[in-house]
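Reader: I have just opened this structure and would like a friendly walk through it. Could we take it one question at a time?

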Amino acid sequence: MQSSLRRFSADSGKKVESVLVSSNVTLMDRNPKDAGVAVYFTWDGISTCIAVDRYQRIEENLQAIHHVIEAERTKLRHGGLNLVRAAFRGYAALPPPQTSKADPCTVLGVKRGATVAEIEAAYREKAKKAHPDAGGSHNAMADLNAARDALLGQKP
């Protein structure tokens, strides 16, 4: 994927900068439940994010991102720079959702000292309604994620 970005930069004559690869891989868990990968970078002044979570393995999702970048190189060769600029505006990296400063226990509806199981159960129940795919909003989901992370971060 990095070599694809270098070739894309060379083909376009524009720098690819500030590359960041994001996934749920940790040192202890190389096969997370969510194998999605997002690659953030700036090209020609356009903040870009290419994210793929279609496949079960991180390597496969990275390979898919490589193919997306290679497809953009093909557009450069056959359609020109303006076509690729227009496409990259569609990949615009969205700003992170703003989270409220509400008390995490209040957001999840759990009591202080709730167990990990209680926190997770409350999170799952609230996420059924707050998730954007279920009619909720990105901000509501960000609030739930922040609340869960804050409460679980306090657990040993």
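**A walk through the model**

I65 touches M1, V37, V39, I50 and V52, not counting residues up to four places away in sequence.

Reader: Thanks! In which helix is the place of I65?
Author: Keep in mind as we go that this is a predicted model. Leaving out residues up to four places away in sequence, I65 has V37 and V39 among the residues it touches. The residue itself has its place in residues 58-79, which form helix α2.

Reader: Does I65 count as buried or exposed?
Author: Buried means under 20% relative accessible area. I65 has 0% relative accessibility, so the label that applies is buried.

Reader: How many Å separate the C-alpha atoms of I65 and S23?
Author: Along the chain, I65 and S23 are 42 residues apart.

Reader: Let me step back to the whole chain. In what order do the elements of the protein chain run from the N terminus on?
Author: The protein chain has 6 helices and 3 strands. Read from the N terminus on, the order is α-β-β-β-α-α-α-α-α.

Reader: What radius of gyration does the protein chain have?
Author: Along the principal axes, the C-alpha atoms fill a box of roughly 60 × 30 × 25 Å. A compact globule of 156 residues would have a radius of gyration near 15 Å, whereas the value for this protein chain is 19 Å.

Reader: What percentage of the residues of the protein chain count as buried?
Author: The protein chain exposes about 10,000 Å², and carbon and sulfur atoms supply 52% of that area. Among its 156 residues, the share that counts as buried is 31%.

Reader: Now to helix α1. Which residues is L5 in contact with, leaving aside its neighbours within four places in sequence?
Author: L5 has its place in helix α1. With 4% relative accessibility, L5 falls under the 20% limit and therefore counts as buried. Its contacts, with those neighbours left aside, are V16, V19, V39, F41 and I69.

Reader: How far apart in space are L5 and I69, C-alpha to C-alpha?
Author: I69 is among the contacts of L5. In sequence the two are 64 residues apart, while C-alpha to C-alpha the distance in space is 6.9 Å.

Reader: What lies 2.7 Å from a polar atom of the side chain of S9?
Author: S9 is found in helix α1, residues 2-12, and counts as buried at 18% relative accessibility. Leaving aside neighbours within four places in sequence, S9 is in contact with K14, K15 and V16. The atom you ask about, 2.7 Å from the S9 side chain, is the backbone oxygen of K14.

Reader: Which side chain is joined to that of R85 by a polar contact of 2.3 Å?
Author: R85 lies in helix α3, residues 81-90, and is buried with a relative accessible area of 18%. Beyond its neighbours within four places in sequence, R85 is in contact with K14, W43, D44 and I46. The side chain joined to R85 at 2.3 Å belongs to D44.

Reader: What is the phi of D44?
Author: D44 lies in the loop between β2 (37-43) and β3 (46-52). At 27%, its relative accessible area is between the 20% and 50% limits, so D44 is partly exposed. Although D44 is not a glycine, its phi is positive, at about 50°.

Reader: And is S18 buried or exposed?
Author: S18 is found in strand β1, residues 16-23. Its phi is near 55°, a positive value in a residue other than glycine. Exposed means over 50% relative accessible area, and S18 has 60%, so the word for S18 is exposed.

Reader: One last stop: what distance separates the C-alpha atoms of V107 and L144?
Author: V107 lies in helix α4, residues 104-108. Leaving aside neighbours within four places in sequence, V107 is in contact with A102, K126, D143, L144 and A147. V107 and L144 are 37 residues apart along the chain, and their C-alpha atoms are separated by 6.6 Å.

Conventions. Residues are numbered from 1 along each chain as its sequence is written. This is a predicted model: local features need pLDDT of at least 70, side-chain atom pairs count only at pLDDT 80 or more; totals for chains, interfaces and linings use all residues. Side-chain values use heavy atoms; hydrogens and water are left out. Helices (H or I, at least four residues) and strands (E, at least two) are DSSP runs, numbered from the N terminus. Buried means under 20% relative accessible area, exposed over 50%, partly exposed in between (1.4 Å probe, protein chains only). A polar contact is a pair of N or O atoms within 3.5 Å; within protein, one must be able to donate a hydrogen and the other to accept it, and residues adjacent in sequence count only if both atoms are side-chain atoms. Contact means heavy atoms within 4.5 Å. The radius of gyration is taken over C-alpha atoms; the globule rule is 2.2 Å times the number of residues to the power 0.38. Accessible areas come from the Shrake-Rupley method with a 1.4 Å probe; for residues, only the protein chains shown count as cover.
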